[in-house]
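Here are my notes on the model you sent.

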Amino acid sequence: MAEKFEDLKYPVVVIIGGGFAGLELAKKLSRKPFKVYLLDRHNYHTFQPLLYQVATGGLGSDAIAYPLRKVIGPMPNVSFRMAEVQRMDTDNKKVITDVGDFAYDYLVLATGTKTNYFGNSALQNLTMPLKTIPEALDIRSYFLQEFEKALVEQSLSTQEAALNFVIVGAGPTGVELAGAMAEIRKNVMPNDYRELDPSRMHIHLIEAGNRVLATMSEKSSRDAQKFLEDIGVEIMLNTMVTGYDGKELKLKDQESILAETVIWSAGVMGNLPEGLPASFVQRGNRIKVDEFGQVPGLDGVFAIGDIAAMISEKHPNGYPMLGSVAIQQGPWLGENLIRLANNQPLRKFVYKDKGSMATVGRNRAVVDLPFIHLKGIIAWYIWMFVHLMLLVSFRNRVIVFVNWAWNYLSYERAIRLIIRPYKKKDLNGE
Ligand SMILES: Cc1cc2nc3c(=O)[nH]c(=O)nc-3n(C[C@H](O)[C@H](O)[C@H](O)COP(=O)(O)OP(=O)(O)OC[C@H]3O[C@@H](n4cnc5c(N)ncnc54)[C@H](O)[C@@H]3O)c2cc1C
């Protein structure tokens, strides 16, 4: 009788995180001589680049999420556990989770990032982040609740606070969110909230640096800024947020802004479970790894994706925290683990930069390819095509495509639903 896979003694690989990096690694190790445990606190993979569309009612959450069990279903040597990793015990080669311990031969950290508030607890408790699907749904509910509130509110200052939307951080998330909010003001407000004057809704995009989309080319920054200004987004560059009490956003050397909806997209930091000595941790709470993805000095421990700061001459602070880096590192590490098991030399990671892009609403996007910069409608088509192709499943692609076609033809964002009303936290985070 053929031996069952579970009875064979293969090295155990524990992957923490079913994001781009962890999932691509699991796919690479499928049907290879390893026993793989994929751990994630969620039972689904999230396509983060389209979170802003869930937050603004353009897509439902099931369009950008996909069950991890469904992905690993056809992989006989890969098991999924919905588990929150609490600590890594690298001396005893195990990880401690809320559903038990997992011993490993190889441990791969692919835990991504979390929102960075730079130690400001008021901002952490009172502004809204956009890193997960529940957070996107909270934003969707909250801004719709604010419209409802502005309609029935008599006091002008309360109305103003309800209709001012502030986005802090003008990276791709902030820029895309601001573009989408401007479209809501133009296309949704006049129909849904006829009694409200759309010109009273303000969208402020605040950035501490001197340009929007600072990680892209200067041309892209200029074009994106122009696109945003054309659709009425009020951009404040070189502006530092210093505090927030839930209603009034304080700015350094500038007048404060009355706003109940403040979205914090000003930074992320490594999402690092406990257990690694501080000497292994790099700027931004990322783990320092060599060009083979190994954590130097820790036997069998690797890190890939956003959590890994892979230092090289060309990238002294590690690679940028991008989906494309994570997607390339997953299969590359899988290949190296196979080589390791076969006593073959490991290969260094070489990032193939295929470009970056951001959209600023209908028909407008900027794209930086290695040798050319594109803007406008062509860039927008490229942006849509690339994002559709990167989605994990065919089902997701179909749903997103149909929703986009509907939104394009109808000029609306159909999922304007307050399913789970959002209650803002207080200063203590309660
Ligand atoms: C709003 C937004 C927009 C973005 N837009 C773009 C874009 O347009 N283009 C681009 O290239 N990149 C974009 N990015 C960045 C891109 O999404 C990340 O670079 C990419 O997701 C990193 O992949 P990863 O696998 O390293 O981590 P992630 O995809 O973040 O996955 C990490 C996984 O680990 C799990 N996890 C974390 N900690 C634990 C724990 N303790 N226990 C169990 N599970 C845990 C999480 O649940 C998650 O599933 C965007 C990111 C955000 C937030």
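1. The buried residues of α6 pack against α5 (133-152), β12 (164-168), α7 (172-192), β13 (202-206) and β17 (254-258). Helix α6 covers residues 156-163, and its buried residues are Thr158, Gln159, Ala161, Ala162 and Leu163. Please keep in mind throughout that this is a predicted model.

2. On the overall make-up, the protein has 11 helices and 26 strands. Its radius of gyration is 23 Å, close to the 22 Å that the globule rule gives for 430 residues, so the protein is as compact as a globular protein of that length. The C-alpha atoms fill a box of roughly 75 × 45 × 45 Å along the principal axes.

3. Among contacts with a separation of 6 or more, 64% are accounted for by residues 24 or more positions apart. The accessible surface comes to about 20,000 Å², and carbon and sulfur atoms hold 53% of that surface.

4. On charge, the protein has 49 positive and 46 negative charges.

5. On domains, the assignment gives domain 1 as 5-41 + 83-115 + 269-341 and domain 2 as 121-266. The C-alpha centres of domain 1 and domain 2 lie 35 Å apart.

6. Is helix α1 enclosed or open? Of the 10 residues of α1 (residues 20-29), 7 are buried, so the helix is largely enclosed by the rest of the structure. The buried residues are Phe20, Ala21, Gly22, Leu23, Leu25, Ala26 and Leu29. As background, an α-helix has 3.6 residues a turn, so residues three or four places apart point the same way. Just after α1, Arg31 takes a positive phi of about 60 degrees.

7. The loop between β6 (85-89) and β7 (94-97) holds Thr90, and Lys93 also has its place between β6 and β7. Thr90 counts as buried because its relative accessibility is 16%, under the 20% limit for a buried residue. Beyond its neighbours within four places in sequence, Thr90 is in contact with Tyr104, Leu276, Leu298 and Val301. Lys93 is partly exposed, with a relative accessible area of 23%. Although Lys93 is not a glycine, its phi is positive, at about 50 degrees.

8. Phe118 is another non-glycine residue with a positive phi, here about 55 degrees. Its place is in the loop between β10 (113-115) and α4 (121-126). Is Phe118 buried or exposed? At 57% relative accessibility, Phe118 counts as exposed, since the limit for that class is over 50%.

9. Ile307 is found in the loop between β22 (301-303) and β23 (308-310). The relative accessible area of Ile307 is 0%, and the residue is buried. Which residues does Ile307 touch, not counting those up to four places away in sequence? They are Leu109, Ala110, Thr111, Gly112, Gly270, Asn271, Leu272, Asn285, Arg286 and Ile287. Ile307 and Gly17 are 290 residues apart in sequence, and their C-alpha atoms are 10 Å apart in space.

10. Tyr244 lies in strand β15 (residues 241-244). With 5% relative accessibility, Tyr244 counts as buried. Leaving out residues up to four places away in sequence, Tyr244 touches Ala122, Leu123, Leu126, Thr127, Leu249, Ala259, Glu260, Thr261, Val262, Lys424 and Leu427. The C-alpha atoms of Tyr244 and Arg413 are separated by 30 Å, and the two residues are 169 residues apart along the chain.

11. Lys70 lies in helix α3 (residues 68-72). At 56% relative accessibility, Lys70 counts as exposed. Lys70 and Ala405 are 335 residues apart along the chain, with their C-alpha atoms separated by 27 Å.

Note on methods
Residues are numbered from 1 along each chain as its sequence is written. This is a predicted model: local features need pLDDT of at least 70, side-chain atom pairs count only at pLDDT 80 or more; totals for chains, interfaces and linings use all residues. Side-chain values use heavy atoms; hydrogens and water are left out. Helices (H or I, at least four residues) and strands (E, at least two) are DSSP runs, numbered from the N terminus. The radius of gyration is taken over C-alpha atoms; the globule rule is 2.2 Å times the number of residues to the power 0.38. Contact means heavy atoms within 4.5 Å. Accessible areas come from the Shrake-Rupley method with a 1.4 Å probe; for residues, only the protein chains shown count as cover. Lys and Arg count as positive and Asp and Glu as negative; His and the chain ends are not counted. The place of a charge is taken as NZ of Lys, CZ of Arg, CG of Asp or CD of Glu. Buried means under 20% relative accessible area, exposed over 50%, partly exposed in between (1.4 Å probe, protein chains only). Domain bounds come from an automatic or database domain assignment.
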